[in-house]
Amino acid sequence: MTSYADTDLKIEGLDGDLEDNVSAYLSSIKEEEYSVSLRFQSRVEENITDALKALGYYNPTMTFSVDGDTNEPSADTTLIVKVDIGEPTIIYESDIVIEGDAATDIDFLNLLDRSKLNLGQIVNHGHYESLKTSIRNLALQKGYFDGEFTDTRLQISPQRNQAFVHLHYKSGERYMFGATSIIGSQIEKERVQSLVPYKAGDYYQSTTLGLLNQNLSSSEWFSSVSVEPDLDHAGKDKTLPMTVRLAPQTRNQIETGLGYSTDVGPRGKLSWKKPWLNQYGHSVGASVVVSAPEKTFVANYKIPLEDVLRDYYLVQYGYKDENDNDTNSQEQNLSFERHWLYDNGWHRSIYVRVLYEDYIQASEQGTSTFVLPGISFSRVRSRGSTMPMWGDKQSISIEFGDKSMLSDTRIVRVIGHTGWIRGIGQNHRFLTRLDAGGAFADDWSEVPPSLRFFVGGINSVRGYGYEVISPEDENGKLVGGAYMATGSLEYQYRVTGNWWWATFVDAGDSWTDTPNWNQAVGMGVRWGSPVGPVRLDFAYGLQADKGDQFRIHFTLGPEL
C-alpha cells in the first residue's frame with residue numbers, strides 16, 4: 001500500500017509480475033492527484049487495464065471501495081481496488097519467419113527458441129518487442145546489413161482471448177571481412193597485421209572486431225585505436241573492407257605509487273616504460289621499489305615474436321638489497337626468458353638465470369654464483385569484480401644448477417602454489433591457499449638466502465612476523481629451510497555492500513630436518529575498494545613466543 005497526501009491506494013488480487021507492472025504504470029500518476037473521486041478511479045482503472053494488457057490479460061474487471069470517512073475532508077481514506085485479471089490471452093497463431101542466409105544460422109534459431117512466443121503461451125507485449133529488437137541486434141552483430149522486417153503485426157482478439165503473432169524478417173546475404181587497411185602505425189605493418197583475428201573471406205562478427213580492438217590495445221603500442229567497416233565500398237560479393245586507424249603511444253611512461261603493509265611497512269614505487277622502442281615493437285622498462293627491509297631494482301627488454309601477444313623473449317636484470325631479521329643480502333639476477341601464452345590461460349616460460357649473491361645469514365657469510373636453467377607454468381582466472389565470487393591461481397616452477405654449469409653446488413629447486421575462491425550465493429566466500437617448496441642441494445652450506453625458505457606474514461602464516469618462521473642455529477638465529485609448506489582456509493561473510501567479515505585458520509613451516517607446524521587463527525575485515533581488496537586481519541599465533549602471539553596485518557592487493 002502506498003500513501004499520497006490524505007488518500008491511500010490499495011490494490012488487491014495481484015502478485016508477481018502482474019503486481020510489479022501495475023505498480024510501474026500507477027507510478028506515473030502524481031501524488032497530489034490521489035483522491036477517491038470517480039475521475040481518479042477512472043484513471044486508475046485505465047492504468048491497471050493497460051498494465052495487464054501488456055502481460056496478456058485483456059479482460060480484467062475491477063471493483064472500487066473506500067475505507068474511511070469521505071464526508072470529512074481532513075480524514076484519512078483508503079481507495080481499495082479489487083482486481084480480477086480474467087482469462088489470459090493465448091497465442092493462437094505464431095507466424096515467425098526468418099528468410100535469407102539467417103534462416104539456417106544457429107544463433108537465429110536459438111533466438112527463436114527462447115522467444116516465449118510459441119503456440120499456447122500467454123501473449124506478452126514485452127516478449128514481442130524484445131524479439132524484434134534482438135533480431136535487429138543479432139543481424140548487425142553477424143553482418144546481415146541488408147536485413148529488414150517485411151511483416152510486424154501483433155493482433156489481439158479480446159473476445160476470444162486469442163493472439164496472432166506475425167513477424168517476418170528477410171536477412172539477405174551475410175557480409176564477409178574484406179581487406180584490412182592499417183593507417184597511422186609506427187610499427188611495421190606485418191606485426192600489426194598479426195594482431196588481426198580474421199582473414200579476408202571470414203564471415204563478419206562484431207565480436208571479432210571487439211577482439212581486434214582488444215588485441216591492438218593490449219600491444220601497448222598505440223594511444224588510440226579505431227576500427228571501421230567501410231559499408232560504402234562493400235563489394236557485390238558482400239565483402240566488407242576494414243580500415244584500422246592508429247596513433248602511436250607516447251614514447252615514455254612514468255608511474256609512481258605508494259603502499260603499506262604490516263610485513264614491510266611503507267613502500268614506494270617508481271616505474272618507467274618505453275612501450276615501443278623501434279618499428280619491430282620491442283619495449284624496455286625499469287622499476288624501483290623501496291621499503292625498510294627491501295629495496296629492489298628491475299630492468300627488462302622485451303622482444304615480441306610472430307604471435308605478438310602470446311610469444312616473446314624477455315631479458316631481465318634485477319637487484320635486491322634485503323636487510324631483515326637475520327638476513328643481510330645483496331642479490332643480482334640476469335635472466336634470459338622465452339614466454340608462451342595459451343588460449344586456456346596458462347603461461348609457460350623457459351629461462352636461464354644467473355644469480356650472484358653477497359650475503360650474511362645469521363653466522364654464515366659468503367658469496368654465491370649460480371647458473372639456473374628453469375621452467376615455470378602459471379594461470380590466474382577470476383569471474384567478477386574486485387572481490388570475485390569465483391577464481392583460482394596455480395603456479396609451479398622448477399630450476400636446476402650444477403657445478404658443471406658454473407654453479408657453486410648442484411641444486412634442484414621446486415616451488416608450487418594453488419589458491420581458490422568459491423562463493424555461495426551473494427554473501428558467502430571461501431578462500432583456500434596452499435604453497436609448498438623444496439631445495440635439494442649437494443652442499444647446503446653453499447646455498448644463499450634467496451634460494452632458502454622463510455615463511456610468516458600476511459600472505460603466508462598470519463599471527464607471525466614477516467619471514468620469521470625458519471630453522472635456527474645454535475644461537476637462535478634464522479638460517480632458512482630446505483623445505484616449506486603453508487596453507488590457509490578462510491571464510492568471508494558480506495556485511496553490507498563491499499564490506500566483508502572474515503575468519504581464518506593458517507598453518508605452515510620452513511624446515512630442513514623435521515617440520516614443526518606453526519598454526520594461527522583470527523578474524524578480519526575486507527573492503528572491495530576501487531583499487532583492489534583492502535585486508536585488515538587480527539591474528540593469534542598459537543606457537544608464537546609469549547607476548548608476541550597477537551598481530552595485526554594490513555595490506556592492499558589481490559587475494560590470490
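**Close-up views of a predicted model**

**View 1. Ile183 stands opposite Arg245 in strand S10.** Strands here are DSSP runs of E with at least two residues, helices are runs of H or I with at least four, and both are numbered from the N terminus. The structure is a predicted model, in which local features need pLDDT of at least 70 and side-chain atom pairs count only at pLDDT 80 or more, while totals for chains, interfaces and linings use all residues. Residues are numbered from 1 along each chain as its sequence is written, and side-chain values use heavy atoms, with hydrogens and water left out. S8 and S10 (residues 239-248) run parallel and are joined by six bridges.

**View 2. The open sheet S8-S10-S9 has three strands and mixed pairing.** Two strands count as paired if DSSP finds at least two bridges between them. S8 (176-183) and S9 (222-229) are the edge strands, each pairing on one side only. On average, neighbouring strands of this sheet are turned by 20° against each other, direction ignored. Helix H6 (residues 206-218) lies across S8, S9 and S10 and runs at about 160° to S9. Axes are lines fitted to C-alpha atoms, for helices over the stretch in contact, and angles run from 0 to 180 degrees between N-to-C directions.

**View 3. Helix H3 (residues 106-113) has Phe108, Leu111 and Leu112 as its buried residues.** Seen down the axis of H3, these residues fall within an arc of 95°, so they line one face of the helix; the arc is that of the directions from the helix axis to the C-beta atoms. Ile106 and Asp113 are exposed on the other side of H3. Buried means under 20% relative accessible area and exposed over 50%, with partly exposed in between (1.4 Å probe, protein chains only). Strand S5 (90-99) and helix H4 (125-142) are among the elements covering the buried residues of H3. At the N-terminal end, Asp105 caps H3, with a side-chain oxygen 2.9 Å from the backbone nitrogen of Asp107; a polar contact is a pair of N or O atoms within 3.5 Å, where within protein one must be able to donate a hydrogen and the other to accept it, and residues adjacent in sequence count only if both atoms are side-chain atoms.

**View 4. Pro448 lies in the loop between strand S21 (428-441) and strand S22 (483-496).** Pro448 is buried, with a relative accessible area of 0%. Not counting residues up to four places away in sequence, Pro448 touches Leu355, Glu357, Tyr359, Ser368 and Phe370; contact means heavy atoms within 4.5 Å.
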